[in-house]
Amino acid sequence: MEEYRIPENLYYTKEHIWVKIEDDVATVGITDYGQHQLGDVVFVDLPELGREVEAGEVIASVESVKAVSEIYSPVTGKIISVNEDLANDPSVINSDPYGDGWIADIQMKDLSEIEDLMTAEDYKAYLEELEKEEEE
């Protein structure tokens with residue numbers, strides 16, 4: 001697990017989405033582990049600006065050389081911005097998943113949903129669990 005970056009200041013989901021919370025805005029993207037599993041990202045179908053979304057709902061998809069993966073919203077709210085740069089250079093998700101590779105900002109409806117997300121420590125433990133399962 002040591003080879004994957006898992007910043008302490010973010011939250012995570014079991015679908016390998018990271019979430020940065022600032023006030024009531026959740027910035028979301030794919031974790032280092034997630035982008036590594038995908039392989040080279042070649043296309044991103046971005047969320048629709050202004051769309052109301054529920055936690056767990058598909059908001060975008062990412063196409064890699066291996067597969068197409070759906071991106072699930074970690075929170076309920078409204079999409080207030082999307083990373084248009086990914087349309088021209090989707091590979092940024094691979095090279096800078098926690099920076100320029102962000103996907104969308106969601107204005108949160110219910111801040112208590114943060115409690116449903118994993119901390120960096122929880123996510124590390126989850127990845128270690130996954131790794132053990134793969135070895136069995």
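Modeller: Arg51 is partly exposed, because its relative accessibility is 23%. The cut-offs for relative accessible area are under 20% for buried, over 50% for exposed, and partly exposed in between, with a 1.4 Å probe and protein chains only.

Colleague: What should I know about the model itself?

Modeller: It is a predicted model: local features need pLDDT of at least 70, side-chain atom pairs count only at pLDDT 80 or more, and totals for chains, interfaces and linings use all residues. Residues are numbered from 1 along each chain as its sequence is written, and side-chain values use heavy atoms, with hydrogens and water left out.

Colleague: Which side chain meets Arg51 in a salt bridge?

Modeller: Glu57, at 2.6 Å from N to O. A salt bridge here needs a side-chain nitrogen of Lys or Arg within 4 Å of a carboxyl oxygen of Asp or Glu. Glu57 is partly exposed, since its relative accessible area is 26%.

Colleague: Why would such side chains pair?

Modeller: Opposite charges can pair when their charged atoms come close.

Colleague: How many salt bridges does the structure hold?

Modeller: Four. One of them joins Lys124 and Glu8, with the closest N and O atoms 3.0 Å apart. That pair links distant parts of the chain, 116 residues apart: Lys124 is in helix H4 (120-135), and Glu8 is in the segment before strand E1 (11-12). Helices (H or I, at least four residues) and strands (E, at least two) are DSSP runs, numbered from the N terminus.

Colleague: Is Glu8 buried or exposed?

Modeller: Exposed, because it reaches 56% relative accessibility. Lys124 is partly exposed at 30%.

Colleague: And what does Lys109 pair with?

Modeller: Glu52, with the closest N and O atoms 3.7 Å apart. Lys109 sits in the loop between strand E9 (104-108) and H4, while Glu52 is in strand E5 (52-53), 57 residues away. Lys109 is exposed at 60%.

Colleague: New topic. Where is Val65?

Modeller: In the loop between strands E6 (58-64) and E7 (68-72). Val65 counts as exposed, because its relative accessibility is 60%.

Colleague: OK, now the pocket. Which residues lie nearest the centre of the largest pocket?

Modeller: Thr13, Glu15, Ser73, Pro74 and Leu117, out of 13 lining residues. A pocket is an open set of points on a 1 Å grid over the protein atoms alone, where a 1.4 Å probe fits, with protein on both sides within 12 Å along at least five of seven lines; lining residues have an atom within 4 Å of a point.
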